[in-house]
Amino acid sequence: MTCHALLRGIDEAILARIVAAGGGEYVGLQLVKNREPLVLFNHPQTGTTLSVPLSGCTPEAVRGRIAESRRPA
C-alpha cells in the first residue's frame, strides 16, 4: 500500500485540531516511502518543527513531543 493510499480519507482539519489541543501549530504531513506518514507541527515558543507518527497523533503525544524537545541533550 502506498503512502497516498494510507492518506485517503485523512482530514487535515482534524489533525490540526488534535495538534492544537496538544499545544502545537499544525504544519502538514510528511510522506516517506515505505514508512508511516508523520504529522508535522511547530513548537509554540521556538518554532522548531517536530513530528509524531500519524497512527499515534493524539494531543498527549504532541504535548509529550513538545516537552521532550525542551529537555537538554
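What follows is a short tour in questions and answers.

Guide: One caution to begin with. This is a predicted model. The protein has 3 helices and 3 strands. From the N terminus, their order is α-α-β-β-β-α.

Visitor: What makes His43 a buried residue?

Guide: Its relative accessible area is 2%. Buried means under 20%. The value 2% is under that cut-off, so His43 counts as buried.

Visitor: Where does His43 sit, and what does His43 touch?

Guide: His43 is in the loop between strand S2 (38-42) and strand S3 (49-53). Leaving aside residues up to four places away in sequence, His43 touches Thr48, Leu50, Ile66, Ser69 and Arg70.

Visitor: How do you know that His43 and Thr46 make a polar contact?

Guide: A polar atom of the His43 side chain lies 3.2 Å from the backbone nitrogen of Thr46. The cut-off for such a pair is within 3.5 Å. The distance of 3.2 Å is within it, so the pair meets the distance limit.

Visitor: Is Asn34 buried or exposed?

Guide: Asn34 has a relative accessible area of 73%. Exposed means over 50%. The value 73% is over 50%, so Asn34 is exposed. Asn34 lies in the loop between strand S1 (25-30) and S2.

Visitor: What is the phi of Asn34?

Guide: Asn34 has a positive phi of about 65 degrees, although Asn34 is not a glycine. Two glycines have positive phi as well. Gly47 takes a value near 80 degrees in the hairpin of S2 and S3, where 6 residues lie between the strands.

Visitor: How do you know that S2 pairs with S3?

Guide: Strands pair if there are at least two bridges between them. S2 and S3 are joined by 5 bridges, so they pair. They run antiparallel. One of the bridges links Phe41 to Leu50 in S3. Leu38 stands opposite Pro53 in S3.

Visitor: How many bridges join S1 to S2?

Guide: There are 5 bridges, and S1 and S2 run antiparallel. Gly28 has Leu40 in S2 as its bridge partner. Glu25 has Asn42 in S2 as its bridge partner.

Visitor: Why are S1 and S3 called edge strands?

Guide: The 3 strands form an open sheet in the order S1-S2-S3, with antiparallel pairing. S1 and S3 each pair on one side only, and they are the edge strands. From one strand to the next, the twist averages 30 degrees.

Visitor: What makes S2 a mostly covered strand?

Guide: Count its residues. In S2, 5 of 5 are buried. Leu38, Leu40 and Asn42 are on one side, with Val39 and Phe41 on the other. In a regular strand, side chains alternate between the two faces of the sheet.

Visitor: Which residues of S3 are on its covered face?

Guide: Leu50 and Val52 are on the covered face of S3. Thr49, Ser51 and Pro53 are on the uncovered face.

Visitor: Which helices lie across the sheet strands?

Guide: H2 lies across S1 and S2, at about 130 degrees to S1. H3 lies across S2 and S3, at about 135 degrees to S3.

Visitor: What caps the N-terminal end of helix H2 (residues 12-21)?

Guide: Asp11 does. A side-chain oxygen of Asp11 lies 2.9 Å from the backbone nitrogen of Ala13.

Visitor: Which residues make up the largest nonpolar core?

Guide: This core has 10 residues: Leu15, Val19, Val39, Phe41, Leu50, Val52, Leu54, Cys57, Val62 and Ile66. H2, S2, S3 and helix H3 (59-70) each give two or more residues to this core. Val39 touches several core members, among them Leu15, Val19, Leu50, Val52, Leu54 and Cys57.

Visitor: And how much of the whole protein is buried?

Guide: Of its 73 residues, 27% count as buried. The protein exposes about 4700 Å², and carbon and sulfur atoms supply 52% of that.

Methods
Residues are numbered from 1 along each chain as its sequence is written. This is a predicted model: local features need pLDDT of at least 70, side-chain atom pairs count only at pLDDT 80 or more; totals for chains, interfaces and linings use all residues. Side-chain values use heavy atoms; hydrogens and water are left out. Helices (H or I, at least four residues) and strands (E, at least two) are DSSP runs, numbered from the N terminus. Buried means under 20% relative accessible area, exposed over 50%, partly exposed in between (1.4 Å probe, protein chains only). Accessible areas come from the Shrake-Rupley method with a 1.4 Å probe; for residues, only the protein chains shown count as cover. A polar contact is a pair of N or O atoms within 3.5 Å; within protein, one must be able to donate a hydrogen and the other to accept it, and residues adjacent in sequence count only if both atoms are side-chain atoms. Contact means heavy atoms within 4.5 Å. A nonpolar core is a set of buried Ala, Val, Leu, Ile, Met, Phe, Trp, Tyr and Cys residues joined through side-chain atoms within 4.5 Å. Axes are lines fitted to C-alpha atoms, for helices over the stretch in contact, and angles run from 0 to 180 degrees between N-to-C directions.
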